[in-house]
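Here is a short briefing on one protein chain. Please keep the sequence and the model in view while reading.

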Amino acid sequence: MSKDKETNHLLPHYYTDLIEAGCDEAGRGCLAGSVYAAAVILPRNYDNPLLNDSKKLSEKKRRELRDMIVRDAVAWAVGVVTPEEIDKINILKASFLAMHRALDQLKVRPEAVIVDGNRFTLYQDLPYTTIVKGDGKYQAIAAASILAKTFRDEYMNRLAEEYPYYDWHKNKGYPTKAHREGIRQHGTTPYHRMSYNLMGDRQLELQFD
């Protein structure tokens with residue numbers, strides 16, 4: 001069965017009486033590159049049965065859906081946090097900051113936020129709800145996951161042309177064998193997250209404070 005046949009009709013909204021923005025990020029577990037996040041406000045009665053968690057969709061289907069989301073959304077935006085910033089504040093805070101930057105850019109102000117995962121930091125004074133596996137449950141979060149993933153993939157493809165030794169066009173910066181072999185042979189780049197366990201030879205310590 002192809003990835004795209006794993007259809008799962010998602011819920012149209014979480015807050016029934018508020019304009020809600022769905023948020024998700026891409027690239028949190030990567031060794032290199034910025035972390036991307038998207039915020040999406042969909043029309044009140046919007047229903048696209050093709051929407052799903054971006055990880056369950058093929059690259060071709062994600063790109064098709066991105067075009068639909070950009071066309072149909074009331075508002076959408078992408079926020080980026082650089083490797084340098086990630087190293088300064090840690091990836092958890094960087095993921096939240098990327099979401100806040102996406103929310104900052106929305107042309108329509110949301111009245112509530114729904115976020116994939118189980119943690120978030122308050123954005124302005126808006127109520128928010130975190131939803132584990134929310135990108136497979138709510139359309140706005142799924143839409144955000146697709147935008148974050150596709151825009152970040154394109155960014156990593158551009159970096160792969162600049163630095164061809166790390167297999168980024170395939171692994172998108174994630175810790176694969178080829179990526180780590182590239183580091184071993186050619187060293188790091190300005191895009192590597194130096195606070196990460198780049199070679200996988202020590203226990204990774206995550207900061208959650």
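The side chains of Thr129 and Tyr15 are joined by a polar contact of 2.6 Å. A polar contact is a pair of N or O atoms within 3.5 Å; within protein, one must be able to donate a hydrogen and the other to accept it, and residues adjacent in sequence count only if both atoms are side-chain atoms. This is a predicted model: local features need pLDDT of at least 70, side-chain atom pairs count only at pLDDT 80 or more, and totals for chains, interfaces and linings use all residues. Residues are numbered from 1 along each chain as its sequence is written, and side-chain values use heavy atoms, with hydrogens and water left out.

- Thr129 sits in strand 5 (residues 128-131); helices (H or I, at least four residues) and strands (E, at least two) are DSSP runs, numbered from the N terminus.
- Thr129 counts as buried because its relative accessibility is 15%; buried means under 20% relative accessible area, exposed over 50%, partly exposed in between (1.4 Å probe, protein chains only).
- Leaving out residues up to four places away in sequence, Thr129 touches Tyr14, Tyr15, Val113, Ile114 and Val115; contact means heavy atoms within 4.5 Å.

**Asp17**
- Asp17 belongs to the segment before strand 1 (20-26).
- Asp17 is exposed, at 67% relative accessible area.
- Beyond residues up to four places away in sequence, Asp17 touches Arg44 and Glu111.

- Arg66 is part of helix 1 (residues 59-72).
- Is Arg66 buried or exposed? Arg66 counts as buried, because its relative accessibility is 6%.
- Arg66 touches Ile146, Leu147, Thr150, Phe151 and Glu154, if residues up to four places away in sequence are not counted.
- The axes of helix 1 and helix 4 (residues 139-162) come within 9 Å and cross at roughly 120°. Axes are lines fitted to C-alpha atoms, for helices over the stretch in contact, and angles run from 0 to 180 degrees between N-to-C directions.
- From helix 1, the contact involves residues including Arg62, Leu65 and Ile69; from helix 4, the partners include Ala143, Lys149 and Asp153.
- The residues of this contact divide into seven nonpolar, one polar and six charged. Ala, Val, Leu, Ile, Met, Phe, Trp, Tyr, Cys and Pro count as nonpolar, Asp, Glu, Lys and Arg as charged, and the others, Gly among them, as polar.

**The two sides of helix 6**
- His179, Gly182 and Ile183 are buried in helix 6 (residues 177-186).
- These residues cover an arc of only 100° around the axis, so they are on the same side of helix 6; the arc is that of the directions from the helix axis to the C-beta atoms.
- Lys177, Arg184 and Gln185 are exposed on the other side of helix 6.
- Helix 5 (168-171) is what the buried residues of helix 6 pack against.

**Positive phi values**
- Most residues other than glycine have a negative phi.
- Gln124 is not a glycine, yet has a positive phi near 50°. Gln124 is in the loop between strand 4 (112-116) and strand 5, and is partly exposed at 46% relative accessible area.
- Lys172, also not a glycine, has a positive phi of about 55°. Lys172 is in the loop between helix 5 and helix 6, and is buried at 9% relative accessible area.
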